2 protein chains.
Amino acid sequence: MCRKAEERDALKCDRSLDAFFNPRSVAVIGATETLGFGHAPTKNILSHPKIKKFLVNVKGGKVMGVDVLRTVRELPEGVDLAVIMVPSSSVIDVVKECAEKGIRHVIIESAGFSETGDEGARLEREVVKIARANGMRVIGPNCVGVVNTSNMFTTADVDVAVLVKGGVAFVAQSGVFGTALVDRACSEGLGLSKVVTLGNKCDVDEIDLVEYLADDEETKVIGLYVEGVKPRRGRRMIDVFRAASAKKPILVLKSGRTEAGSKAVKSHTGSLAGSDKVFDAAVKQSGAIRVESIDELFYTAMVLASQPLPPDGDVAIITNSGSLGAMMCDELELLGLKLAVLLPETVDKLRKVTPPWASCRNPVDVGPAIIESAIPAIEILGRDQNVGFIVMIFAIPGIVSSPRYFNADLTPFFEILGETASKTGKPTVTLGFGDERIIKMAEKGLGKSRIPVLRNLTLTAKAVASLYEYKKLKNKTDKNKSI
Amino acid sequence: MCRKAEERDALKCDRSLDAFFNPRSVAVIGATETLGFGHAPTKNILSHPKIKKFLVNVKGGKVMGVDVLRTVRELPEGVDLAVIMVPSSSVIDVVKECAEKGIRHVIIESAGFSETGDEGARLEREVVKIARANGMRVIGPNCVGVVNTSNMFTTADVDVAVLVKGGVAFVAQSGVFGTALVDRACSEGLGLSKVVTLGNKCDVDEIDLVEYLADDEETKVIGLYVEGVKPRRGRRMIDVFRAASAKKPILVLKSGRTEAGSKAVKSHTGSLAGSDKVFDAAVKQSGAIRVESIDELFYTAMVLASQPLPPDGDVAIITNSGSLGAMMCDELELLGLKLAVLLPETVDKLRKVTPPWASCRNPVDVGPAIIESAIPAIEILGRDQNVGFIVMIFAIPGIVSSPRYFNADLTPFFEILGETASKTGKPTVTLGFGDERIIKMAEKGLGKSRIPVLRNLTLTAKAVASLYEYKKLKNKTDKNKSI
């Protein structure tokens with residue numbers, strides 16, 4: 001398990017991980033149509049329109065109407081990728097046969113390796129030995145592999161029909177969690193570029209992935225969930241993350257921060273969580289942004305992937321709820337951010353588009369006049385040189401859209417609001433609070449201009465702070481470059 | 001504004017606030033059917049089947065088909081409650097007329113008082129003077145009044161048809177935010193008992209409300225959103241909160257914690273936020289539980305209202321995602337909670353109901369075997385004397401319910417899971433992560449046994465911690481009582 005760095009580097013004869021995401025041909029080993037483990041990957045790969053696919057299962061016969069080979073030996077030479085889903089006890093033989101057939105990329109989805117104890121760890125070391133001897137790269141074991149939305153190729157337990165293309169790449173350690181991240185992204189309309197679950201990371205780890213994704217054109221933000229960094233990879237992590245951070249933001253979520261958490265990750269993916277302080281220092285040194293929760297990872301990625309970096313200037317808040325406005329002020333100040341001091345002409349202009357009782361200082365509180373006032377107000381705020389970021393808060397009463405009361409469709413309002421915000425050229429996020437139907441209308445309307453709708457005030461503030469943090473880093477690295 | 005405590009107490013000739021929630025007769029002053037401010041309160045009050053109602057508007061005529069009186073003077077004597085929605089400039093006259101008509105309870109929804117500056121503050125002082133001289137209690141101004149689900153009476157901008165009865169009372173300061181809280185509760189199925197928005201709190205404040213709600217049978221948990229405590233009410237707050245906390249948990253969310261936040265609340269409801277440290281110390285002294293965000297207020301209230309207090313014992317986690325399990329371990333430990341050390345016989349029994357690769361220590365990780373294993377596992381955990389609280393995490397892949405893949409309806413599974421958890425007699429919360437359709441199934445199934453489904457890991461841990469915190473307080477106060 002504890003290989004020397006040089007040995008590990010020797011393993012990387014094929015530096016490109018591209019065949020994991022863009023294989024021309026794939027062999028599914030352990031293909032099955034039984035409802036359970038293996039079904040969805042088999043189905044997803046089989047239904048891909050362009051890739052050449054081969055199914056292998058000792059039972060032979062047909063799976064989902066396709067002929068099945070009984071052994072890897074029956075495969076043609078040089079298949080790009082093998083996806084292995086056989087029981088752990090058979091994995092060594094299968095990997096050996098793959099090596100013989102010239103397969104250089106392998107995803108091992110099967111569990112039962114180092115996460116289960118000594119015997120599993122031995123099996124895993126054996127896999128690495130074979131891979132190293134044959135110039136193979138391995139993702140896994142104990143994972144569900146990859147999702148690539150640019151060609152809709154996936155080896156994971158996800159519903160291909162609902163995948164949304166976008167700029168966020170997630171790298172997760174475990175399969176279940178990675179799948180749930182994809183499901184949640186689909187449910188909330190977060191666009192993904194690539195998702196990888198690494199499992200026990202016997203070979204490919206998050207550092208390799210960050211290096212790969214840094215140059216992936218579709219990926220605008222890299223979000224990592226890490227349980228532990230493999231021994232002697234700390235220095236490499238800092239170097240790779242630093243180089244990648246200069247190109248795009250990296251968000252890092254790590255578990256095993258406490259004693260109880262460390263024990264849990266050990267029995268989950270066999271990971272050594274290590275000292276959280278050391279990890280934290282390394283992340284900071286590398287320019288990556290550490291996040292504290294899944295929701296923060298999720299929403300910060302959403303904002304970073306969709307919004308431009310803020311120009312000079314501080315945060316302007318526009319709200320229809322004074323309470324939520326005040327809470328947002330608190331959160332922003334606690335994160336070290338400042339409220340923009342609006343120019344006198346901005347305040348004058350705001351007065352003209354809001355009712356007399358509206359508050360035209362920052363936060364701009366338009367109260368019940370949100371439908372009439374928010375759009376011109378955002379335009380005005382966008383022109384103020386002191387404003388670098390616009391945070392829009394809406395808590396519109398459900399009666400407005402209720403068929404029993406006002407029965408209004410607010411989607412067109414949110415659509416124009418989104419266009420207006422987008423035209424300011426300044427990053428904008430919205431926080432939706434209250435009635436679910438109205439928040440859905442906002443997602444639909446604002447979504448057309450890629451203005452995110454968040455549902456958690458604290459995390460909205462954190463996402464704003466992360467965009468400023470990344471801007472600072474970017475300014476620093478760009479300056480270094482120009483010198 | 002800065003009345004002496006004695007003067008203030010003199011105001012309370014009618015100590016009961018009951019007429020605000022259970023009036024036999026109500027006058028709506030400024031009744032209107034125009035779509036906008038005033039429409040929903042008018043409609044909601046008019047549609048109440050039992051209350052005697054009177055509409056008043058200088059314009060006369062009919063509103064929503066009901067005859068309208070032109071002045072308050074035309075009202076009969078002794079109407080229980082007046083809801084005032086006329087422009088602020090007319091409020092003084094209307095309050096005077098209400099006093100003459102023997103009305104003792106008034107909700108002023110109109111804005112344009114101390115939140116707007118000196119002239120508004122003068123108007124507000126005038127209102128208080130009239131009220132004091134006539135033994136009236138006033139809620140507001142600048143609010144939307146009350147919601148009472150036990151008789152479905154409301155003066156607020158809410159959709160009565162979707163209100164859900166339950167054990168949570170919210171007291172908010174502003175109308176928009178209070179309305180949004182109700183809307184969100186309706187959207188997420190959180191059952192409410194009473195909701196009050198206090199606005200500028202010229203008379204009735206959160207301290208009065210806590211005193212009232214402490215003895216309200218329908219209310220199991222009191223959730224407060226506060227922008228500032230009125231001068232010289234600090235001591236009274238501690239006394240009232242302490243007495244109420246001995247009966248039911250009080251959750252307190254306060255804004256104006258920072259300089260920016262303090263400024264914002266000043267222009268919102270004219271509140272003086274005061275020192276956050278002083279406020280925090282007072283809350284702690286009173287036994288109330290301070291929460292840090294709306295979402296924490298919301299979800300903690302949901303858990304406290306639905307779950308029993310934990311018996312002796314620590315937290316057991318059951319999960320199908322090792323990653324989420326590990327993150328939950330971190331959060332619980334960071335909050336000072338302990339993971340239960342499972343009894344050897346518990347581990348043995350768990351092994352029998354889970355596959356060989358499952359982890360039967362705490363966290364219990366059943367992985368993909370969740371459907372088969374979770375129900376017997378919860379039963380087994382419930383019998384372990386070391387377990388005081390069960391946290392169940394599910395991140396079930398969307399393919400399981402997708403019509404294109406397994407097409408399973410998991411509602412019956414969640415229903416039995418909920419029944420089983422409920423039978424353990426131990427508090428249980430669940431965290432749902434991933435596919436929205438599956439989380440909705442969980443809400444439906446688990447909802448039958450009132451097992452909450454939360455969507456945020458950090459806040460799930462915080463809710464667990466709050467239940468333990470309240471138990472500790474309760475043990476202390478009960479012990480004091482018995483001595």
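The model is predicted: local features need pLDDT of at least 70, side-chain atom pairs count only at pLDDT 80 or more, and totals for chains, interfaces and linings use all residues. Residues are numbered from 1 along each chain as its sequence is written, while chains are lettered from A and ligands numbered from 1 in the order in which they are written. Chain A is divided into two domains, residues 5-303 and residues 310-475.

**Domains of chain A**

- Domain 1 of chain A spans 5-303 and domain 2 of chain A spans 310-475; such bounds come from an automatic or database domain assignment.
- Between the C-alpha centres of these two domains of chain A there are 38 Å.
- Eleven residues of domain 1 of chain A are in contact with 14 residues of domain 2 of chain A, where contact means that the C-beta atoms of two residues, placed from the backbone, lie within 7 Å.
- Helix α11 (residues 294-306) of chain A gives six residues, the largest share of the side of domain 1 that touches domain 2. Helices (H or I, at least four residues) and strands (E, at least two) are DSSP runs, numbered from the N terminus.
- That side of domain 1 of chain A has five nonpolar, four polar and two charged residues. Ala, Val, Leu, Ile, Met, Phe, Trp, Tyr, Cys and Pro count as nonpolar, Asp, Glu, Lys and Arg as charged, and the others, Gly among them, as polar.

**Helix packing in chain B**

- Helix α14 (residues 370-383) and helix α15 (residues 411-423) of chain B have axes that come within 8 Å and cross at roughly 10 degrees. Axes are lines fitted to C-alpha atoms, for helices over the stretch in contact, and angles run from 0 to 180 degrees between N-to-C directions.
- α14(B) is therefore roughly parallel to α15(B); angles under 35 degrees count as roughly parallel, over 145 as roughly antiparallel, 65 to 115 as roughly perpendicular and the rest as oblique.
- The crossing of α14(B) and α15(B) is left-handed, a term for a near helix turned anticlockwise from the far one by less than a right angle, with right-handed used if clockwise.
- I371(B), A374(B), I375(B), I378(B) and E379(B) of α14(B) meet F413(B), I416(B), L417(B), T420(B) and A421(B) of α15(B). These residues divide into eight nonpolar, one polar and one charged.
- α8(B) and helix α10 (residues 276-286) of chain B pack at about 35 degrees with axes 8 Å apart, and their crossing is right-handed.
- In that contact, α8(B) supplies G234(B), M237(B), I238(B), F241(B), R242(B) and S245(B), and α10(B) supplies A282(B), Q285(B) and S286(B). The classes are four nonpolar, four polar and one charged.

**Helix packing in chain A**

- Helix α4 (residues 88-100) and helix α5 (residues 118-133) of chain A pack at an angle of about 5 degrees, with axes 10 Å apart, which makes α4(A) roughly parallel to α5(A).
- The contact joins S88(A), V91(A), I92(A), V95(A), K96(A) and A99(A) of α4(A) to G120(A), L123(A), E126(A), V127(A), I130(A) and A131(A) of α5(A).
- Eight nonpolar, two polar and two charged residues make up the contact of α4(A) with α5(A).

**Backbone sites**

- Most residues other than glycine have a negative phi, and most peptide bonds are trans.
- The peptide bond between G140(A) and P141(A) is cis, with omega about -10 degrees; P141(A) is in the loop between β7 (137-139) and β8 (145-148) of chain A.
- In chain B, the bond from G140(B) to P141(B) is cis with omega near -5 degrees, and P141(B) lies in the loop between β7 (137-139) and β8 (145-148) of chain B.
- M64(A), not a glycine, has a positive phi of about 55 degrees and sits in the loop between β3 (62-63) and β4 (66-69) of chain A.
- M64(A) counts as partly exposed because it has 14 C-beta neighbours inside 10 Å. A residue is buried if 20 or more other C-beta atoms, placed from the backbone, lie within 10 Å of its own, exposed if 12 or fewer, and partly exposed in between.
- R232(B), also not a glycine, has a positive phi of about 65 degrees; R232(B) is in the loop between β12 (221-226) and α8 (234-245) of chain B.
- With 13 C-beta neighbours inside 10 Å, R232(B) counts as partly exposed.
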